[in-house]
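Please look through the sequence and the model below before reading on.

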Amino acid sequence: MSIGTHGIADLRHSLLLRKSSDKSGSVELRRADREPYSILPRHSKAAKRDLTMMSINHLPAVLSNYTAQFFHPNTKIFFIGFNKCATTSIHQIMTEAGIRSDHWMRGQENIALRIESVISSKDELRRYMRPATAYSDICYFSNDRIIEANQYFRQYENAYPEAYFVLNDRNVEAWIRSRASHRKGQLLERFMAFHETSADAVKELWRETHDSHVQAVLTHFSGNPKFLHFHVDRDPPESLTSFLAPTFKIDPESWKKINQTKIRAR
């Protein structure tokens with residue numbers, strides 16, 4: 001069941017949407033289809049369509065999360081695991097709950113590329129990260145450049161000390177198989193070209209990179225109540241939703257595992 005268009009005007013006034021700096025009286029909305037952040041007029045058809053598409057069952061959480069993002073814009077959610085660790089599902093559960101989410105791309109721009117260009121400046125990093133609340137799949141891969149921007153978790157924490165940090169993780173051998181088969185092996189081929197080495201050597205590099213990153217994260221966030229090591233292949237979604245519950249309301253039933261490769265842990 002969805003919201004009827006007759007109730008849109010009243011509903012829109014009840015949502016505490018973040019005002020933009022545009023003096024025309026527009027608001028920022030995040031499209032769930034991974035389009036760029038848009039500055040949409042209050043009475044635009046696009047804004048009405050976004051609100052109409054919301055399931056009525058998600059409305060209480062959406063309203064709560066819009067309010068939380070309005071009053072606590074610096075409370076970010078950083079998913080600092082690697083790609084192929086349920087990042088698409090994470091992005092979907094965030095957007096369905098009304099949490100502004102950046103996943104891999106912002107419009108036509110890769111977020112890891114931009115983050116790496118500003119990572120040395122706290123002010124510039126905060127300026128770039130202002131539009132979104134949740135960040136996942138922060139990576140860039142080409143034949144001549146590899147960026148795993150989840151490694152910058154220390155800089156993210158320095159810029160946003162109120163943020164939540166989630167290490168989305170899975171069985172390492174299943175993760176390696178999934179990465180190797182991503183886009184029919186294109187990701188593996190890019191790593192082979194960049195490092196000028198064999199497939200087996202790349203897989204061993206991935207194994208070592210995973211282990212060192214997990215150890216560094218666990219050491220850094222030891223005892224931090226705003227850190228969660230979330231095993232996407234075995235932990236219930238309630239462990240994630242309850243972790244974020246002090247600020248953000250998410251229905252664990254909305255968790256969907258999509259965009260997975262067919263190779264799974266046995």
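The model is predicted, with local features needing pLDDT of at least 70 and side-chain atom pairs counting only at pLDDT 80 or more, while totals for chains, interfaces and linings use all residues. Residues are numbered from 1 along each chain as its sequence is written, and side-chain values use heavy atoms, with hydrogens and water left out.

Helix α5 (residues 111-118) and helix α6 (residues 122-129) pack at an angle of about 155 degrees, their axes lying 8 Å apart. The two helices are therefore roughly antiparallel to each other, a term for angles over 145 degrees. On the α5 side the contact (heavy atoms within 4.5 Å) is made by Ile 111, Arg 114, Ile 115 and Val 118, and on the α6 side by Glu 124, Leu 125, Tyr 128 and Met 129.

In the largest nonpolar core, which has 27 residues, Phe 78, Ile 115, Met 129 and Tyr 156 touch the most other members; such a core is a set of buried Ala, Val, Leu, Ile, Met, Phe, Trp, Tyr and Cys residues joined through side-chain atoms within 4.5 Å. The largest share of this core, 4 residues, comes from α5. Beyond its neighbours within four places in sequence, Phe 78 is in contact with residues including Met 129, Tyr 156 and Val 166. Val 166 is also included in a second, separate core of 21 residues, as are Ala 68, Phe 79 and Phe 230.

Asn 83 lies in the loop between β3 (77-79) and α4 (87-96). Asn 83 is buried, with a relative accessible area of 7%, where buried means under 20% (1.4 Å probe, protein chains only).

Conventions:
Axes are lines fitted to C-alpha atoms, for helices over the stretch in contact, and angles run from 0 to 180 degrees between N-to-C directions. Angles under 35 degrees count as roughly parallel, over 145 as roughly antiparallel, 65 to 115 as roughly perpendicular and the rest as oblique. Buried means under 20% relative accessible area, exposed over 50%, partly exposed in between (1.4 Å probe, protein chains only).
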